[in-house]
Amino acid sequence: MTLLTILFDGVAYGMLLFVLACGLAVTLGLMNFVNLAHGAFAMAGGYVCAVLVNRAGWPFFAALPLAFLASAAIGAVLERLLYRHLYTRSHLDQVLFSVGLVFMSVAAVDYIMGSSRVFMQLPEALQGQIDLFGGGIGRYRLIIIVICGLLTIGLQLTLAKTRFGSRLRAAVDDPRVASGLGINVPQVFALTFAFGCGLAGFGGALSAEILGLDPYFPLKFMIYFLIVVTVGGSSSITGPFLASLLLGIGDVAGKYYLPKLGPFVIYTIMIVILIWRPNGLFGRTAAR
Amino acid sequence: MLIGRRTLLHAACIAFAGATTSTVAHAEDTVKIGLIVPMTSGQASTGKQIDNAVKLYMKQNGSTVAGKKIEVILKDDAAVPDNTKRLAQELIVNDKVNVIAGFGITPAALAAAPLATQAKVPEVVMAAGTSIITERSPYIVRTSFTLPQSSTVIGDWAVKNGIKKVVTLTSDYAPGNDALAAFKERFTAGGGQIVEEVKVPLANPDFAPFLQRAKDSKPDAMFVFVPAGQGGNFMKQFAERGLDKSGIKVIGPGDVMDDDLLNSMGDAAIGVVTAHIYSAAHPSEKNKAFVAAYKKEFGQRPGFMAVGGYDGIHLIYEALKKTGGKADGDSLIAAMKGMAWESPRGPISIDPDTRDIVQNVYIRKVEKVDGELYNVEFDKVDAVKDPGKTKK
């Protein structure tokens, strides 16, 4: 039942991509801010988690929420100090600013934590595989799927059904009218941005075991985040979610069945989808 | 305000440049070594180990040799060959260095090769491990190792130890291909069979599909070469997939099991058999002293990159002694050829024909010693020349 294992690995990998990238979908898609420093927040979460688990001896599941909170806090501070001045600036300014931030974060983490790779010391119970229907299922990957599944549902409900979700959508679509209606637009943006960063940190902590964690994390995986968001379209959460799954499964299956072409499969999928739907799977066709 | 500060900085730079040029005045009493290594980027641990080792050696042996003061100028190329070339040029032309040294990765060593030839400046390669490097300039000498050196030894060992079917998993770049070719040649010549050959892209986030493919072809062992750093990820995912319990051994050249990273890999690494030139657990007095001194100075154990740097600076020191302080390229290279000494890794020498290193290759197994993981040596092949060249 290798097929099952491949499918399972692909789903887990896709879910991981999704958690890492959905924060970017939130800032890029909903707030219309090109934040290429997204990976830096993911890295921050990863390192917070690794330090708590490896050095302070915290249990992994206790450290995960802290990774979220720490990245969200960093995000909130940076939003107040730096990002909010760039909301109205051109996308090029935003790109230049956030890329600069990436390089600063790389240098800072290299200086503080050293450049060698950090490994999370996971509890025994999360290691190894279990047999299910004859296929091997990795315990840790199973946890990833469960956590990410719940997270997706929660996110979707928050954005679509809650008062905060509708305020956010209003604030994005027309900030002037929204503030006229009594919505505190800067506050909504600050919260959303911090939340997006927190998600990145959470993803960074979850992914350290599989993707590895070093100071170059934000540069190495920037391309993957961007692929997920472009293929998925940035106007909803469902788009990036389906895109992540598609890319994850495609990438893993491609590398298994066509190892010679392996690394190109993910790009091929991206190109085909973008030719078919230039705004991504669920992109809005009308330009803002 | 901003402009004011920038001009100030500019002025400071000019002043500083002035200060450094004044030291060039006594160039005759100084031998300058330009050390170009990656101190940032993914290969930074290589550069840090080499820099540490050079500092340690100079602390132990003083900074004066044959009446000359040794000055090391450290440059960070971030493992980008373009940088390496530019830095080498600056060092040779502006700083008038007598030797360039370091070179964390193969493309970096190759980028500097034409400059070494043109300027007749010895290039001491302390890390990069592709066979061809020393053939690119008559001024290149290597004190690290070559991948065929260790890969052929592990190939022979595999044949002798009843390993018949092997899946290879190597990173798809020059050193990986070198390792694969060298291993394959020896292993198949001895009757072994390669059932699957998987090349992993260098920037690969997840080993899962490759490992699953390896698992499904049920080999006796997996031959693995990935750059140090990815080794840990590989071992963790190897264990996650239950491959450690399926009886599939991991073998390979020792880069995967770098001392620098070994401890953080966790117990999944126990039992991995690799062939390599150096282990921090090498049981010689010389090495014990080296490891103790390195630990005391830098708070961690040295890896094979550190030993490459330590021997590289030793080679330069000894060559200067031999020439009586004459520091032109031709005299230094002539002095270096054929030099033999006892390194922390064991007896080594520089092959006078190829200027490449000749050394023992040890077969080691990862074991837990005093709560730490070490590559414990249990067999060796004496005085291995680079098989990548002897072939021709």
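Which residue with a positive phi follows helix 1 of chain A? That's Asn32(A), with a phi near 60°. Keep in mind that this is a predicted model.

Helix 1 of chain A covers residues 2–30, which makes 29 residues. From its first C-alpha to its last, the helix reaches 39 Å, close to the 42 Å expected at 1.5 Å a residue. There's a kink along the way, though: about 40°, centred on Ala21(A). And what about its surroundings? Of the 29 residues in helix 1 of chain A, 24 are buried, so the helix is largely enclosed by the rest of the structure.

| Element of chain B | Residues |
|---|---|
| Strand 7 | 165–171 |
| Helix 6 | 174–189 |
| Strand 8 | 193–200 |

Strand 7, helix 6 and strand 8 of chain B together form that unit, and it is right-handed. The two strands pair in the parallel sense, over 7 bridges. To find your place in the pairing, look for Val166(B), which stands opposite Ile194(B) in strand 8 of chain B.

Is Thr168(B) buried or exposed? It counts as buried, because its relative accessibility is 0%, and buried means under 20%. Leaving aside residues up to four places away in sequence, Thr168(B) touches Leu180(B), Phe183(B), Ile194(B), Glu196(B), Glu197(B), Val198(B) and Phe223(B).

How values were computed
Residues numbered from 1 in each chain as written. Chains lettered and ligands numbered in written order. Predicted model: local features only at pLDDT ≥ 70, side-chain atom pairs only at ≥ 80, totals over all residues. Heavy atoms only, no water. Helix = DSSP H or I, 4+ residues; strand = E, 2+ residues; numbered from the N terminus. Buried < 20%, exposed > 50% of the residue type's maximum accessible area, 1.4 Å probe, protein only. Contact = heavy atoms within 4.5 Å. Pairing = 2+ DSSP bridges. Right-handed = clockwise from strand over helix to strand, strands pointing away. Expected span 1.5 Å × (residues − 1). Bend = angle between axes of the 7 residues up to and from the residue.
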